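User: Could you take a close look at the place where the two chains touch, and then walk me through whatever else stands out nearby in your notes?

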Amino acid sequence: MNRTRVLLADDHAILRSGLRLLLEREPDIAVAGEATDGREAVDWMAREGADVVVMDVGMPGLNGIEAAAQIVRRHPQAGVVMLSMHSDETYVLRCLRAGARGYVLKESAESELIAAIRSVREGRSFFSPKVKRLLQQEHIERIRAAGGSDSYDLLTEREREVLQRIAEGHSNKEIAGRLCLSVLTVETHRKNIQEKLNLHGPAELVLYAVRKGIVV
Amino acid sequence: MLDGVGSKTRLLLTWSLGALVLLSAVTGATALVVFERIRDEESAQRAQFAARSRWLERIRGGIYRSGTLARDYFVAPNEAGAPEMLQELKTLEEDTKTATAQYADANLRGEVAAYWNLLDLMADMASKRATPGVDAYFRRQLRQRRESMLQIADSIGAALDREARQDELASSLLYRRLRLVLIAEIALVISLGMVVALGTRRRLARLEGDARALSAQLLQAQEQERRAIARELHDEIGQSLSSLLLDVGSAARVEDSAEIRAHLQSATSVAERTVEAVRRIALSLRPSMLDDLGLVPALEWQAREVGRRSGLDVQVLAEDSAGELPETHLTCIYRVAQEALQNCVRHAAAHRVRIALQKAAKTVMLHVEDDGRGFLAGRTRGLGLLGMEERVAQLGGRFRVQSEPGRGTTVTAELPL
């Protein structure tokens, strides 16, 4: 089997070398290159390409989120894992909007990055458990503050199923195949879910699923 | 309404200096006009006086000359030069009569006419050879007439002199009044100038005092902040790293692998805590969101954080694109919003806060509006407000605080782009 080629983009050399050591222990992962800022990462992808980009959120010059957006736009088959110091949902949402499928906290990179790279390589999402926990906690607090009303209760069984698969990173076609539905029906479910939950776009759908604890 | 003290002073200074300049100009112009008028009047009076004197002199001269001529004529009315004398007398009569008609009072005019009538009568008599008694009577009459006429002329001359002196007196009075008015006006301008200067000085002194107090407060605040950061660095980061060193050192020394693992586990959890502490300290200094995600996400984050800590309902109304600003503007708006939010939490007793950011072609405008208890915006000026104002002023923007007790507070910052 081909090894997964990974591009490491972080402005701190010491962290890059730590990550390289970590990744090179794995038989199925190869570090293809390193970039010290977003611009370099974008250039590398145009020149050499990679299967997965591990991208620091905050970098000088072109920051990680902007670079991720550019890479996803130009290389839709490449997966992006964001590396971040922040568990705040503002960051998570921005990264999702940029098209990143993985979100890993730097403090837990040692134990989570490999899993994240593998998930993203297979087209699935990955979030650091701590981020998920915090987002869920916040969500619960918000529901409590709103008097206990949860719009999730409005979803039908089917819609919940569809939501979970969207959040895991499956395409409409894959979901249709798995649930024995037409693509059109899945599309309708997706629209209804967004309407009921007052969400806009796939990034918010995914974030919502994480908050709800639907994505494991 | 609370505008910059500096701009208020500028306005006041401009107005008062403008008023001063205007007052000086009006004073100068009035003085010039009055002076011109007095001079015109004076020269008119002088010309009139000269004309009157001239006429009077002509009357007098004519009378004298006619007296001599008449005497000569009466001595020898039938000699060779007599007709010429008569002719000259006629001319003199015409002349003095014109002069009196031009310029003399009724008295003099009557006398002159009577004199010439008498003279004519005498000339008539002389040519008819009157008796010496009649002759003598006429001559007496003539002398009397002449003398009374000359007296009148003298008295008119004296009157003219008197009049001239009166005119002179009047114009010197006018001059004195003009001088007084001028002195009064100059005194007014000077004292107004003094008032303006004094007021300005006092205001400047107050502003300087304010500025000094502000910079002292800022220095103090900066020092406090540094002390807090230093303490956190020492207490949290320093201690954590020391304990990390202990763990790693112990792990390197011991043989038992279970013990090594225990030390490494402890090291991991210490390092995790340190990462969290660094993140928290860095965030309190400057949120990385501002640089990583932009202004609007940073404002949203700030709103959420404040909401979570204080229970305030904080809303952010802004398009992401409104936050695409130069770095200086980004920081300014973020700090103003942050400070305004802090004020809402600390002082306003508000339930709801709305932060709105609008970007137009040439300006960007931030509103922070709360429904709290408000305050008298003209009176209270804390360090926070001054700091916000200063930040906005540095970018050439306008800063406003609108508040009334019981009516909430709105902070507005408008920056040029």
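Analyst: The contact draws 11 residues from chain B and 10 residues from chain A, where two residues count as touching if their C-beta atoms, placed from the backbone, lie within 7 Å. This is a predicted model, so local features need pLDDT of at least 70 and side-chain atom pairs pLDDT 80 or more, while totals for chains, interfaces and linings use all residues. Residues are numbered from 1 along each chain as its sequence is written, with chains lettered from A in the order in which they are written.

On chain B's side, helices H5 (257-285), H6 (288-292) and H7 (295-310) each supply at least two residues; helices here are DSSP runs (H or I, at least four residues), numbered from the N terminus. H6(B) gives the largest share, four residues. By class, that side of chain B has five nonpolar, one polar and five charged residues (Ala, Val, Leu, Ile, Met, Phe, Trp, Tyr, Cys and Pro are nonpolar, Asp, Glu, Lys and Arg charged, the others, Gly among them, polar).

Now for a helix pair within chain A. The axes of H7(A) (residues 157-168) and H9(A) (residues 183-197) come within 10 Å and cross at roughly 95°, with axes being lines fitted to C-alpha atoms over the stretch in contact and angles running from 0 to 180 degrees between N-to-C directions. H7(A) and H9(A) are therefore roughly perpendicular (65 to 115 degrees). A:Leu163 and A:Ile166 are among the H7(A) residues that meet H9(A), whose residues there include A:Val186 and A:Ile193.

Methods
Parallel < 35°, antiparallel > 145°, perpendicular 65-115°, else oblique.
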